[in-house]
Amino acid sequence: MSCQETRPVYTSLDEYPIYPHGDLGAKYTTEATTFKLWSPAVDAARVKLYREDSGDLAPMRVLDMEEIDGAWTAIAEGDMDEIYYTFQVKQNGTWQEEATDPYARAAGTNGTRGQVIDLADTNPEGWAQDTAPPLAAATDAILYELHVRDISLDPRANIEHPGKFLGLTERGTATNQGDATGLDHLIELGVTHVHLLPSFDYLSVNEAQTEEAQYNWGYDPQNYNVPEGSYSTNPRNGKVRVREFKQMVKALHDAGIRVVMDVVYNHTGKSADSHFQHLIPDYFYRFNEDGSFSNASGCGNEIASDRPMVRKYIRESLEYWVKEYHVDGFRFDLMAIHDIATMNEISQSLHALDSTILLYGEGWTAGDSPLPVEQRALKAHTPQLDRVAAFSDDLRDGLKGSVFNHEEQGFVSGAHGRDMSIRFGIVGSTFHPHVNYDSVNYSNEPWAKEPAQCINYVSCHDNHTLRDRLAISNPGDPPSYRSQMQRLALAIVLTSQGIPFLHAGSEMERTKNGDENSYKSGDGVNAIRYAGKRANKLTYNYVRGLIELRKQHPAFRLGSTEKITGHLEFAQTNDDQLVVYRIQDAPGDAWSDILVAFNGSGQAKRIELPEGSWTTVANGREVNPEGIGGEREEWTYVDGRSALILVR
């Protein structure tokens, strides 16, 4: 149907037809570029082409769009490589504001205009041969959550491109004292996945002034299919940010590290003036009965993932990051704003592309939503999700106390009554006969069908760093005690079933000087200071040793609920500050008998040993698979605020 014919009238958003093809946006060839926009209810649409990425100069050309096969379509003849463009629609007789194509693959400064690019020009050398490092099972993953700027901003890191994607490509960087920094630090630590905080194009940093001090986590999405310009060396040229993101992915892959993107499809940075709203009015958002934007995100709006074309948009966007950028996984911000059907469609599609892709998210919302509770991708609904994991706030707050009550203590900081929450974390939030679910802090039943659906963690970018939280909850304890608590917490995370997740810098007791919400606090608060690696060398080496221990011993990543219940048994201690368990005959493990004990109290505790001669391979200060000290029989002590791992 052409735009001159009578336009259909829709009485509700639900009547909008689904566009069946995957070619919305700008499709480039050297001969012509085809522009397509889906917006069924508008009266007309046009494309404006520009030579500059911003400014008041008139467009070089304006193309009227014709509705063909369900999409507003225009063709620009000739080679349009690196030409900028916007879309504009007419509604109720009035041309609305120009807006960036929601499907734009590249953009200029601050993302206010899309850019046509030849994507083949953005591939770094060897890109066609780039492959992800092997991953046999999801529970083999060790996640490391990192902000692009934080890893490379410390001047002592001696990184040539601080705060940029390229900062994560550099090898051989170290402090003047010889401590590895940047990518070499990640390799040395041994993590399998880097989880990057939002690295798509977001709103809050002015890309025209990257030389000025600016900082944001990036949870204010602008262009979902475009890398963030402030992390590139030239935000004006869309090819540069695309190429440098790919260089980063390839460098990480070459180093044996996979890449997870933190994605924020639950809301946009703008509401009434977003490009979704300008181009496809009302369709992409949920609204309250009074017509106001619903706000389960706490950021002013929420995306209506349950609408067919929104679901399709999210799925196609994720597929694009996998195919074009070789991304290996996604973490979904406030995942419960999304509906279960959308998450499952995403999972099925992405796992068809790559069976080893990791998908996980926050199983909660920041506020109420018009989406019915039974449809939400909540932590409690994880059993209904297909190969999608949720974060365990049960273990997180069991370890250190509630994130909403800063003075509250947890298991590692001396609290009583947290032992069942710790057991629950150890078994990856699955069913186990030795967990009393009535005593788990937030869950009265297992919510993970299999351990691969559980992300175990104690800290992340949100809330206080672990070191800062322990300083608040245990102000009277000396720093050495709090370091013991930190090591105990990380030992529990790294030896538990499920998928372990580390906040960047926790291995060197990172501090943000007590800043609980550092989303825009700047590099002074957020940058990882590599001096902490030397100052807290004991903790750093301990975490590094635990990572290697986990990688070498399948007992700590059994991979199925059946194997966990069959091989892992908790001991009855009659002490809620002491958790002891045994793993026997774990498939594929060189150690046939492993005893693990966690003591959250400040006092040493005696534990009875099963018959035989036992070798300590980890305590509260050291990890050594060859053995620490002599062999033990019958009984031993677990120091206060520490872990103990023995093998027979």
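Begin by selecting helix α6, residues 393–400, which supplies three residues, the largest share, to the lining of the largest pocket. Helices here are DSSP runs of H or I with at least four residues, strands are runs of E with at least two, and both are numbered from the N terminus. Residues are numbered from 1 along each chain as its sequence is written. The model is predicted, so that local features need pLDDT of at least 70 and side-chain atom pairs count only at pLDDT 80 or more, while totals for chains, interfaces and linings use all residues; side-chain values use heavy atoms, with hydrogens and water left out.

Now show the pocket itself. The largest pocket holds about 880 Å³ of space, and among its 34 lining residues Leu334, Glu362, Trp364, Ala366 and Asp462 are the closest to its centre. On a 1 Å grid over the protein atoms alone, a pocket is an open set of points with protein on both sides within 12 Å along at least five of seven lines, a cavity is a set where a 1.4 Å probe fits but cannot get out, and lining residues have an atom within 4 Å of a point. Grid points are joined across faces, edges and corners, and a volume is the space filled by probe spheres set on the points. The pocket lining divides into 14 nonpolar, nine polar and 11 charged residues, where Ala, Val, Leu, Ile, Met, Phe, Trp, Tyr, Cys and Pro count as nonpolar, Asp, Glu, Lys and Arg as charged, and the others, Gly among them, as polar.

Next select helix α8, residues 466–473, in which Leu466, Asp468, Arg469, Leu470 and Ser473 are buried. Buried means under 20% relative accessible area, exposed over 50%, and partly exposed in between, with a 1.4 Å probe and protein chains only. These buried residues of α8 pack against α6 and α9 (479–495).

The whole structure has two cavities of 30 Å³ or more. For the largest cavity, of about 50 Å³, select its lining residues, among them Glu145, Leu146, Trp217, His461, His503, Ala504 and Arg510. That lining divides into four nonpolar, three polar and four charged residues.

From Glu145 and Leu146, move to His195, which touches both of them as well as Tyr144, Val260, Asp262, Arg331, Tyr360 and Phe501, not counting residues up to four places away in sequence; contact means heavy atoms within 4.5 Å. His195 sits in strand β11, residues 193–196, and is buried, with a relative accessible area of 0%. Its side chain makes a polar contact with that of Asp262 at 3.2 Å. A polar contact is a pair of N or O atoms within 3.5 Å; within protein, one must be able to donate a hydrogen and the other to accept it, and residues adjacent in sequence count only if both atoms are side-chain atoms.

For a last stop, select Phe287 and Phe293, whose ring centres lie 4.8 Å apart with planes at 40°, so the pair is tilted. Rings of Phe, Tyr and Trp (its six-membered ring) pair if their centres lie within 6.5 Å, and planes under 30 degrees apart count as stacked, over 60 as edge-to-face and the rest as tilted. Phe287 is partly exposed, at 22% relative accessibility.
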